[in-house]
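Let's take a walk through this structure together, one stop at a time. Have the sequence and the 3D view open as you read.

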Amino acid sequence: HYLLEHGSTIVQERGIATYFHLLRGEVQELAEERGELLSQLEAENRDQFPNVFFRGDIVPRIYPGVVTVSQSYGVGNFEANTVMLGWTAREERRASYIQMLRDLVKLERSILIVRHHPTRKFGVHHRIQIWWGGLKGNGGLMLLLAFLLTNHPRWRGAAVEVITVVESEAARAKTEVAIRKVLTNARLEAEPYVIVRAGRKLPEIMREVSPRADLAIIGIRIPEDDDGIEPFFERMSAMMEEMPTTILVRSARTFAGTPVLFDQDE
């Protein structure tokens, strides 16, 4: 239900969210099950998530199926622009998972990957941390997510921190001024939190800061070649090991959002 909760919270009354349950197999074998599934989804979730539509689709394979439904769902020019899905921890699925993400990038879909913490869940809905590393194009969508979340009754009043790591004390003040300017332009009530690296690796810093957060938002880059798949999963797994529930953000290039803070790639 965590994807349903996030999707419903983000969309509220401003757009359309559709929850897809994909069945792997053949239509001849699963058509009846599909009908029963749709009735069950509606009966169990309609009262709690009235702003979400429910779909059940039969696909030969799950990850290619995600790509298929993301480009076929809609009417005319009205189509889905963002895909939210769960994080995978299974090594044997990594290659096909990354290929799915690459295909979604090619289709110019923004991607929100939710790594749901099994025990912390969404905590007490009091603090959201945006980890800003200078990834081009992701910043606007990350700020928009925080804005939408804090306008929902469940997160209303939550503190938002925009966190970035710099290499020296001299860069701290300059970076904080830059963040405040972006936040003012984005009309988001949030506080910059600039950390000097001091020889520490990013996962170490995150472990120190994240215990006070209920949700983390982090920008990512999808690996462009197969050699980068394992390092990507190892890096992200190490980064999120002691984090709260986390949303990994990859914004579509067509997303018109707030300019990012930095021009460098990390």
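Arg94 and Glu230 join their side chains in a salt bridge, with N and O 2.7 Å apart. This is a predicted model, so take every value here as computed from it. Arg94 belongs to helix 4 and Glu230 to helix 8, so the pair ties together parts of the chain that sit 136 residues apart in sequence. Arg94 counts as buried because its relative accessibility is 10%, under the 20% cut-off, while Glu230, at 36%, counts as partly exposed. As for the idea behind such pairs, side chains of opposite charge can pair when their charged atoms come close.

How many salt bridges does a search of the whole structure find? The search turns up 14. Another of them joins Arg197 and Glu167, whose closest N and O atoms are 2.7 Å apart. This pair also links distant parts of the chain, 30 residues apart: Arg197 is in the loop between strand 9 (191–196) and helix 7, and Glu167 is in the loop between strand 8 and helix 6 (169–186). Glu167 is exposed, with a relative accessible area of 57%.

Glu169 is exposed at 51% relative accessibility, and Arg172 is partly exposed at 29%. Elsewhere, Arg127, Glu161 and Arg212 are linked in a network of salt bridges.

Now for the inside. In soluble globular proteins, nonpolar side chains tend to be buried together. Here the largest nonpolar core has 35 residues, and the ones with the most contacts inside it are Trp87, Tyr97, Met100, Leu101, Ile113 and Trp131. Several elements give two or more residues to this core, including helix 3, strand 5, helix 4, strand 6 (110–115) and strand 8 (159–166). Helix 7 (202–209), strand 10 (215–219) and helix 8 (229–240) are on that list too. Which of them gives the most? Helix 8 does, with six residues.

Setting aside residues up to four places away in sequence, Trp87 touches Tyr97, Ile113, Val114, Arg115, Phe232, Phe233, Met236, Ser237, Met240 and Leu248.

Just after helix 3, Gly74 takes a positive phi of about 140°.

Next, go to helix 1. Two packed helices are described by the angle between their axes and the distance between the axes. Helix 1 (residues 2–11) packs against helix 5 (residues 139–150) at about 90°, with the axes 7 Å apart. That makes helix 1 roughly perpendicular to helix 5. On the helix 1 side, the contact is made by His6, Thr9 and Ile10, and on the helix 5 side by Leu145, Leu148 and Leu149. Sorted by class, this contact has four nonpolar residues, two polar ones and no charged ones.

Tyr2 also lies in helix 1, and at 26% relative accessibility Tyr2 counts as partly exposed. Beyond its neighbours within four places in sequence, Tyr2 is in contact with Gly86, Val114, His116 and Phe122. Of these, His116 is 114 residues away from Tyr2 in sequence, yet their C-alpha atoms are 7.2 Å apart in space.

The last stop is a loop residue. His125 lies in the loop between strand 6 and strand 7 (127–131). Is His125 buried or exposed? His125 counts as buried, at 16% relative accessibility. Not counting residues up to four places away in sequence, His125 touches Glu5, Arg154, Trp155, Ala158 and Asp214.

Notes. Residues numbered from 1 in each chain as written. Predicted model: local features only at pLDDT ≥ 70, side-chain atom pairs only at ≥ 80, totals over all residues. Heavy atoms only, no water. Axes fitted to C-alpha atoms, helices over the stretch in contact; angles between N-to-C directions. Helix = DSSP H or I, 4+ residues; strand = E, 2+ residues; numbered from the N terminus. Parallel < 35°, antiparallel > 145°, perpendicular 65-115°, else oblique. Contact = heavy atoms within 4.5 Å. Nonpolar A, V, L, I, M, F, W, Y, C, P; charged D, E, K, R; others polar. Core = buried A, V, L, I, M, F, W, Y, C linked by side-chain atoms within 4.5 Å. Buried < 20%, exposed > 50% of the residue type's maximum accessible area, 1.4 Å probe, protein only. Salt bridge = Lys/Arg side-chain N within 4 Å of Asp/Glu carboxyl O.
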